[in-house]
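Hi everyone, thanks for coming.

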Amino acid sequence: QVQLVESGGGLVQPGGSLRLSCAASGSISSRYVMGWYRQVPGRQRELVANIFNYGVTNYGDFVKGRFTISRPYAAESTVYLQMNSLKPEDTAVYYCQYLSVDLPQQYWGQGTQVTVSS
């Protein structure tokens with residue numbers, strides 16, 4: 001089992017910034033990927049960004065350099081998503097995902113609301 005604890009999110013004005021974090025604990029694989037997806041009602045969940053524990057990152061096309069995902073502490077299974085230049089269309093519930101590369105394990109966080117509005 002892997003537990004995910006999310007933090008961050010909230011209400012921000014257009015052009016503002018937010019930082020999300022997600023900490024994983026439990027039976028962590030030697031190779032895994034963690035990241036963030038987002039979902040709005042009536043639409044499919046889409047990838048925002050993810051990062052493999054060996055450093056490879058992926059971003060959704062809509063990010064366009066505005067967001068940065070990082071895992072600054074190698075000893076910790078915690079990832080951060082820095083979101084800058086936020087737009088109203090970034091409003092969504094953001095979900096943390098943990099996915100093992102070696103085992104059939106996938107876990108989701110409970111989700112955190114991000115609202116971009118003036």
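This is a predicted model: local features need pLDDT of at least 70, side-chain atom pairs count only at pLDDT 80 or more; totals for chains, interfaces and linings use all residues.

**From the surface to one arginine**

Residues are numbered from 1 along each chain as its sequence is written, and side-chain values use heavy atoms, with hydrogens and water left out.

Okay, overall dimensions. The C-alpha trace spans about 40 × 30 × 25 Å along its principal axes. With 118 residues, a compact globule would have a radius of gyration near 13 Å, and the chain's 14 Å agrees with that. That radius is taken over C-alpha atoms, and the globule rule is 2.2 Å times the number of residues to the power 0.38. Buried residues make up 45% of the 118; buried means under 20% relative accessible area, exposed over 50%, and partly exposed in between (1.4 Å probe, protein chains only).

So what is the chain built from? There are 11 strands and 0 helices. Both are DSSP runs numbered from the N terminus: helices are H or I, at least four residues, and strands are E, at least two.

Now find the open sheet: 4 strands in the order 1-3-8-7, with antiparallel pairing. Its edge strands, each pairing on one side only, are strand 1 (2-7) and strand 7 (67-70). Two strands pair if DSSP finds at least two bridges between them. Strand 7 and strand 8 (residues 78-83) are joined by 4 bridges, and Thr68 has Gln82 in strand 8 as its bridge partner.

Last stop: Arg66, in the loop between strand 6 (57-59) and strand 7. Is Arg66 buried or exposed? It counts as buried, because its relative accessibility is 10%. A polar atom of the Arg66 side chain lies 3.3 Å from the backbone oxygen of Phe62. Leaving aside neighbours within four places in sequence, Arg66 is in contact (heavy atoms within 4.5 Å) with several residues, including Gln82, Met83 and Asp90.

Key. A polar contact is a pair of N or O atoms within 3.5 Å; within protein, one must be able to donate a hydrogen and the other to accept it, and residues adjacent in sequence count only if both atoms are side-chain atoms.
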